[in-house]
Structure formats: structure tokens, C-alpha cells
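Biologist: Could you show me the model, and then tell me what stands behind the terms you use for it?

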Amino acid sequence: MRSIITRQARNSLRGAAKWRYGAPCSGARWSSSEERKWSTPLAKQLSEAITATGPIPLASFMRMCLTSDVGGYYTSKQEGRDQFGQKGDFITSPEISQIFGELVGIWFVAEWMAQGKKSEGVELIEIGPGRGTLMDDILRTIRNFKPMASSIEAVYLVEASPALREAQKQLLCGDAPMTETSIGHRSISKYANIPIIWTENIRFVPSDQDKTPFIVAHEFFDALPIHAFESIPAPPPPPEQTSTIETPTGSHPLTPSAAASRTAQKQPVGPQWREMVVSPTPPSPINTTISKDSSEPPPEFHLTLSKQATPHSMYLPHLSPRYTSVLKTSPPGSLIEISPESRAYASAIASLIGGSKDQPKFKPSGAALILDYGPADTIPINSLRGIREHKIVSPFSKPGLTDLSADVDFVGLAEAATDGSEGVEVWGPVEQGSFLSEMGIKERAEMLLKGLKDGNAGGEEEVKGRVMSAWERLVERGGGGMGKVYKVLAVVPESGGNRRPVGFGGDVGV
């Protein structure tokens with residue numbers, strides 16, 4: 001969604017959902033003598049792959065669009081292109097106001113204090129660091145708390161994009177050289193010479209007994225691939241089994257063992273899940289787009305319903321009783337979205353803090369903040385969206401040039417975290433507006449305003465206006481405001497629910 005999603009945009013997406021999850025379309029062919037022109041090289045590659053293997057899961061489509069080495073949205077490097085900021089496709093909270101990152105840093109300090117003010121072994125970890133703005137604000141804030149700053153041994157950035165990794169290095173390390181390591185890359189921060197270590201997956205971050213990781217994932221989970229499923233009615237009862245088999249040469253008797261095997265085969269009972277899969281849109285003049293802008297071309301791909309069960313439809317909807325409940329209690333045509341990669345990351349985060357069955361941690365330590373958008377207590381549906389140049393567009397047009405995102409299943413993350421480690425507990429999600437207000441965003445903004453130097457009156461007033469509008473935007477709860485749509489989830493060491501974190505109704509424990 002990023003910060004540009006508003007109520008109007010959400011309404012347009014609801015209308016688009018009817019098109020996206022409509023009835024399956026029949027197969028289509030077009031003349032090889034009339035080569036179809038695709039919007040991007042990645043669109044052509046996707047079409048060729050689907051033509052060779054058949055429709056692909058939505059998760060595979062998203063993964064290719066975002067991280068393919070052939071023009072992936074986050075992994076390709078194009079001169080003059082920047083996904084973030086006013087000149088890019090979307091703006092994130094750290095880009096709106098430095099106060100956002102400062103308060104995340106303060107939250108880490110509060111957790112460090114509550115857990116005994118460890119003098120060594122502290123690690124900062126950001127998953128999906130963007131341009132590095134958030135981590136830069138966090139480090140700048142924590143250096144004012146010298147005992148904690150001196151306890152930080154390393155900063156880990158989980159980043160798969162070489163282009164973004166370079167941008168992060170320039171911001172956080174300046175001219176310091178970057179070297180390759182066994183798990184990725186390494187450089188030195190401009191803040192207190194702290195090592196900055198890059199790795200492509202959180203599983204490469206070392207998990208040690210004596211380490212205290214403070215982890216943040218801001219607008220990371222919304223970009224992870226999702227699988228979409230639709231429920232169908234119970235299939236008709238199978239025909240009565242006979243002891244014969246029909247072949248082109250007539251009816252033939254089955255051997256006793258073959259007849260017994262046929263009888264023993266279990267037939268599906270009750271409603272079932274079917275996976276939504278992606279295929280190219282037939283090149284027809286009647287194609288439409290969810291954008292009212294005539295300059296926006298028709299989507300080149302679309303979703304259809306798989307006619308048969310897929311491995312994903314037989315496994316993923318059984319990960320949680322929540323999905324089973326939807327299947328049993330909701331009418332046919334009900335939809336759910338599941339992100340197995342999100343669940344894996346939530347489990348890994350919990351394991352770093354609280355240990356796991358394979359790598360138990362004698363004393364859980366550290367904490368994690370997950371800040372993203374999505375429903376607080378329901379399963380996401382119809383939430384896939386495309387974003388380009390600060391506009392909502394079809395997620396199936398211009399692959400590689402369009403950012404894709406989907407609502408985060410916060411309850412699913414909480415399930416995965418507590419399943420992944422017995423040493424953690426989860427708080428939230430709470431609305432971002434509530435979290436930032438409790439952390440003191442208004443008071444911090446007022447401090448910034450007081451610190452403005454006297455100068456040109458008009459210029460000073462302009463700066464004050466920007467500071468005020470920025471923090472107010474982050475906490476706005478009206479309509480589709482960021483303060484309401486965005487949520488915050490905390491993963492902390494297990495305390496039996498006796499220690500509520502700051503920002504979630506708790507106080508700083510010393």
C-alpha cells in the first residue's frame with residue numbers, strides 16, 4: 001500500500017476485486033506471425049515461462065516482478081530511477097519525518113533498559129532497509145545514549161537488492177570501503193565505527209546465546225509474495241466403483257488388488273480450496289484496466305482459478321485453524337491470502353530473540369518491531385495492489401516497473417512467532433497513530449520547532465509547517481490515514497504477560 005493508499009484508493013480496489021477474481025478465462029492463442037509486444041523484458045520472460053509450464057501461483061508472479069534478475073522492481077538498477085520519495089513511486093514513513101526513525105531508536109533504548117542494560121553483544125537488525133534512512137535515524141538517535149551505543153557490536157541489514165545495498169552503504173558508511181564476506185558484504189558505519197553487515201536472508205544472521213538483537217521490519221512484509229485461494233463447493237459424490245475398467249478396446253476386469261486399491265482411495269469431502277493462478281491476458285481489444293487513466297495500458301496478466309487442487313492449496317490453508325474455519329463457515333467463493341515467506345520470517349525473528357527447539361537460548365533477549373499495514377485481526381483478502389508514480393495501478397501491468405504489495409496478516413505473524421520460539425511473546429498489533437503518540441511524537445516535534453534558529457521569518461514558518469504536517473500525517477486516523485491503516489507489532493522475551501512494552505501501554509523499566 002505504502003503511504004499513498006487512501007479510502008478512495010481502497011474503494012477502487014474493492015471494485016477491481018470483482019475483475020481480478022472473476023470466473024476462469026478459457027485458454028487463448030494468438031498468431032506467432034504477429035509477435036506480441038510486451039511492456040517490459042520481464043513481462044516477455046514471464047509470458048514465455050507460463051506458456052512453457054502453465055499458469056503460475058500468484059506468489060511466483062510477485063517474486064519475479066520484485067526480485068527477478070531480469071528487470072525486477074527492487075533488484076534492477078536503472079539510471080535516474082529511485083523507487084522511494086517524491087520522485088519515485090511511493091513515500092515511506094522515515095522519508096516523511098525523521099521523528100519516525102528517532103522514535104523507533106528510542107523504543108530500542110527503552111527495551112535495552114528494560115532488559116538490564118547489557119554492556120556488550122547488542123546487535124541492530126533491519127529487514128528490508130530501503131535506502132537506509134530508517135537505520136540512519138536509529139543510529140543517530142542511539143548515539144545520544146552512550147552506554148547502549150557502546151554495547152552495539154554490529155548492524156545487520158537484510159537486503160537482496162545490489163542497487164539498494166549500494167544506496168544504503170553510501171548513506172550509512174560514506175566513503176568507507178565495502179568488502180565481501182561469507183554471508184554477504186561488510187563496511188564500517190560513520191557512527192562510532194560500528195560494522196555494517198549485509199546479508200540476503202535473515203537465516204544468515206548468526207544466532208548466538210550471548211547476542212541481544214534489536215530488529216525492525218518496516219514495510220517489509222507487505223512486499224513478500226502471497227498465495228491467493230478461493231473456496232469451492234463440495235464436489236459431487238464419485239460414481240460407484242466397479243471391478244472393471246474402460247479402455248479403448250472395451251471393458252476389462254480389474255485384478256483383485258487393483259479393485260481393492262480403487263475402493264480404498266479417499267475422495268475429497270466437503271468444500272475445498274482452489275488456488276488463484278496467473279496467466280497472460282489474451283490480446284483482445286475488450287481488455288480493461290482498473291485505472292481510469294486512458295494512458296494506462298490494459299493489464300498483460302490476470303488471475304484465474306485453478307481447475308484442480310495444487311500442492312499449495314492442499315498444504316498452505318491447513319497451516320492455521322483460522323483458514324479451516326473460513327472454509328467451513330463461509331459460502332463458496334470466499335477468499336484468503338497466505339504468505340508462507342512472511343510466516344518463515346516471523347519465526348526466524350522470534351528464534352533470534354527467544355531461541356528455537358534446534359537452537360535454544362538460555363536467556364531470551366532482544367526485541368523486534370514490525371511496522372506495516374493490514375487488518376488487525378482478520379485474514380487479508382483482495383489486497384494485492386500495484387503502485388507506480390504515486391498512483392494505484394493494476395498489479396498485472398508493466399512487470400518490473402510496478403511496485404507490488406499486499407496487506408499483512410498480523411495475526412498470522414503472531415502465530416508464526418510464538419510457534420517458532422517458546423521464549424517470546426507478542427504484543428499488538430496497535431495502530432501506528434497510537435504507538436507514535438505514546439512514544440511522544442508530538443513532544444518530539446515541539447522540541448524540533450523550538451530548536452529552529454532565528455532567521456528569515458517566512459522561511460522559518462515554512463519549515464515549521466513542514467515539521468507539523470509531517471508528524472500529523474504519520475498519526476492521522478481519519479479515513480485511510482497512516483495512523484490508522486498502519487499497525488505495529490512487537491516481539492519481546494517471554495514474561496508471562498507481566499511486562500508490557502513501551503508504546504503498547506507499558507512504561508520504561510529500569
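Modeller: Happy to! On a 1 Å grid over the protein atoms alone, a pocket is an open set of points where a 1.4 Å probe fits, with protein on both sides within 12 Å along at least five of seven lines, and lining residues have an atom within 4 Å of a point. The largest pocket is lined by 40 residues, with Thr-67, Glu-159, Ala-160, Phe-220 and Leu-224 nearest its centre. This is a predicted model, where local features need pLDDT of at least 70, side-chain atom pairs need 80 or more, and totals for chains, interfaces and linings use all residues. Residues are numbered from 1 along each chain as its sequence is written, and side-chain values use heavy atoms, without hydrogens and water.

Biologist: Why is Phe-220 called buried?

Modeller: Buried means under 20% relative accessible area, with a 1.4 Å probe and protein chains only. Phe-220 has 13%, so it is buried. Phe-221, at 2%, is buried too.

Biologist: What makes the pair of Phe-220 and Phe-221 edge-to-face?

Modeller: Rings of Phe, Tyr and Trp (its six-membered ring) pair if their centres lie within 6.5 Å; planes under 30 degrees apart count as stacked, over 60 as edge-to-face and the rest as tilted. Here the centres are 5.3 Å apart and the planes at 80°, so the pair is edge-to-face.

Biologist: And why is the pair of Phe-61 and Phe-301 called tilted?

Modeller: Their ring centres are 5.5 Å apart and the planes are at 55°, so this pair is tilted. Both Phe-61 and Phe-301 are buried. Ring pairs also link these two with Trp-38 and Phe-396 into a cluster.

Conventions
Buried means under 20% relative accessible area, exposed over 50%, partly exposed in between (1.4 Å probe, protein chains only).
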